[in-house]
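This briefing concerns a predicted protein model. Please examine the sequence and the coordinates below before reading the notes on rings, strands and cores.

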Amino acid sequence: MTSRLSNATIAKLPGAIAIPRYDRGAVTPGIVHLGVGAFHRAHQAAYVDACLADGETDWGIVGVSLRSPDTRDALTPQDGLYTLAIRASAGERLQVIGSIQSLLVAPEDPCAVLAALTDPRIRIVTLTITEKAYLRAADGTLDSAHPDIVHDLANPGSPKTAHGFLAESLARRRAAGAPAFTVLCCDNLPANGATLHRLLIEFAKLRDSRLVRKDDAGLARQGDAEAARQGDAAHGSAGERTLAGYVADDVAFPSSMVDRIVPATTDTDRKRIAQQLGTEDAWPVMTEPFCQWVIEDRFPAGRPAWEKFGVTMVEDVGPFEDMKLRLLNGAHSGIAYLGLLSGHATVDRAFADPAIRQFVDWLWAEAIPTLPQDAGLDTIAYTAELAARFSNTALAHRTAQIANDGSQKLPQRIVASALARLEAGLLPEHLSLVVAAWIAACAARGGTLPEGHFTDPLDAALNDLFGRNLPTAEMAAAVFDLAGFAKGHPERQKLIEFVATHLVHLKQGGPKLALAALGIGAEPGSTG
Ligand code: CS2
């Protein structure tokens, strides 16, 4: 097969495949998306596609990769088109998405990305850059010593980080008298909009103070320097404010909760989709039927009519976000690490393991009381739906994929609920096993699990620690220090003790013994 999915070939696709039925040529860009990976393409881009099909014309997406050229290389020859394969145990439905108009690769051409971000037609910047790209230090503040942050402060015109791109483009828009875009974070972080807002203000403060210093040396750039000269003291005063003050007061950062399971595309998927399309698609995206987006409705520069297509617009996304992070993502991490240690390669297989299934029920029972009680959350219906989603045999969602970046994910998925329980005088026996299983799975790489089976930004430091053969409790405490888990929290020590106890069981008898110690599956004495 030599032909390729594109504007020219789309009309020839078999009739059962849904295609964009709007004039793509008439659409103008309105959104820049940072982190144009599979998740974005299964989620936000699909919602925007629905709005474009409904007749909106000014919300086309400019997709930006902050790291690799792979997505751009796959999609540019296809005019930005790709297939979304919506997979249920009962079968698959294909839909071609047309909302991505152009693709940029930041490391190749940061100027082009800044040009897109300063285009006055752009009114929203969305982000899915994954937890670790927010560059938070162990205490949650901006990691100002990170080499990319240091780089971006020294080279504001050619940034590498999302912070650098957002700060520079907002500064330029402000200098040009163009209104700010709204920043819509779509990553699995708690209070994701507020968190990014706080980090960007920190970054802007560092920029402001550099500009003041540079200005003293006669090197300041025009525009920003004027503002910077006012220093922090001018924040909120009648005079021109710092960039930090501008970001704090004039840029909206609504929080949002995003949800759709998106397993990595395999070559088998590519072949199957090509056969169904009758043409090649270099990077189709696999997903499930379920899709949810809850967004705080603060868009001073306007937004697509997402609410027409199932998006819930709310005042406060907090309760939805907590429920999703603690019940879906928390269970996902538990299934991933216990699944890996039990030899299960995919979520549906791990979830079909009666011991893991039981564990997840009890994990939910531990996490549910930590959720806001007065927000009308229907946790019974929610967990029932999660159980059905985790059982989807068509997804083949790999446990190793979810296992990545545990140090960045566990704080909001597991540690927060465990600490809330301890504070309330309740036990976090199941939640703490997820932390222990993460540590055990990290340590098992290169042993019972393949080397590099999944990765974590802390890998070098973790491997160093594992090589020191510390007593279990000391090792658990050292991992907590490294990852910043429960930093400064009065219940930290208690949580470490729970984790250490599980680690001893995992070491002695694997997940079977650790689960048996919780009364799941075999009795502790019978596992040998
Ligand atoms: C998963 C999430 O990889 C992971 O860590 O838990 O990507 C999960 O599939 C999504 O958040 C679902 O919305």
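How many aromatic pairs does the count come to? The count comes to eight aromatic pairs, where rings of Phe, Tyr and Trp (its six-membered ring) pair if their centres lie within 6.5 Å, and planes under 30 degrees apart count as stacked, over 60 as edge-to-face and the rest as tilted. The model is predicted, with local features needing pLDDT of at least 70 and side-chain atom pairs counting only at pLDDT 80 or more, while totals for chains, interfaces and linings use all residues. Residues are numbered from 1 along each chain as its sequence is written, and side-chain values use heavy atoms, leaving out hydrogens and water.

**Aromatic rings**

- Tyr47 and Trp293 form a tilted pair, with 5.4 Å from centre to centre and 40° between the planes.
- This pair links distant parts of the chain, 246 residues apart: Tyr47 belongs to helix H2 (residues 44-53) and Trp293 to strand S10 (residues 292-296). Helices (H or I, at least four residues) and strands (E, at least two) are DSSP runs, numbered from the N terminus.
- Tyr47 is buried at a relative accessible area of 6%, and Trp293 is buried at 0%; buried means under 20% relative accessible area, exposed over 50%, and partly exposed in between (1.4 Å probe, protein chains only).
- Phe299 and Trp306 form an edge-to-face pair, with 5.7 Å between centres and 70° between planes. Phe299 is buried, with a relative accessible area of 10%, and Trp306 is buried, with 0%.
- Tyr47, Trp293, Phe299 and Trp306 form one aromatic cluster.

**Charges over rings**

- The charged end of Arg41 sits over the ring of Trp283, 5.2 Å from its centre. The criterion is that NZ of Lys or CZ of Arg is within 6 Å of the ring centre and within 35 degrees of the ring normal.
- The ring of Phe454 has the charged end of Arg445 over it, 4.6 Å from the ring centre.

**The five-stranded sheet**

- An open sheet of five strands has the order S5-S2-S1-S6-S7, with parallel pairing; two strands pair if DSSP finds at least two bridges between them.
- Its edge strands are S5 (100-105) and S7 (182-185), each of which pairs on one side only.
- Strand S2 (residues 60-65) is joined to S5 by five bridges, and Val64 has Leu104 as its bridge partner in S5.
- Helix H4 (residues 110-118) packs on the sheet, touching S1 (29-34), S2, S5 and S6 (124-127), and its direction makes about 140° with that of S5. Contact means heavy atoms within 4.5 Å; axes are lines fitted to C-alpha atoms, for helices over the stretch in contact, and angles run from 0 to 180 degrees between N-to-C directions.
- Four bridges join S1 to S6, with Ile124 as the partner of Ile31 in S6.
- Four bridges join S6 to S7, where Cys185 is the partner of Leu127.

**Nonpolar cores**

- The largest nonpolar core has 71 residues; such a core is a set of buried Ala, Val, Leu, Ile, Met, Phe, Trp, Tyr and Cys residues joined through side-chain atoms within 4.5 Å.
- Helix H17 (residues 429-444) contributes the largest share of this core, twelve residues.
- Ile439, one of the residues with the most contacts inside the core, touches Phe466, Met475, Val479, Val499 and Leu503, not counting residues up to four places away in sequence.
- Apart from this core lies another, of 42 residues, including Ala116, Ile149, Ala171 and Ala244.
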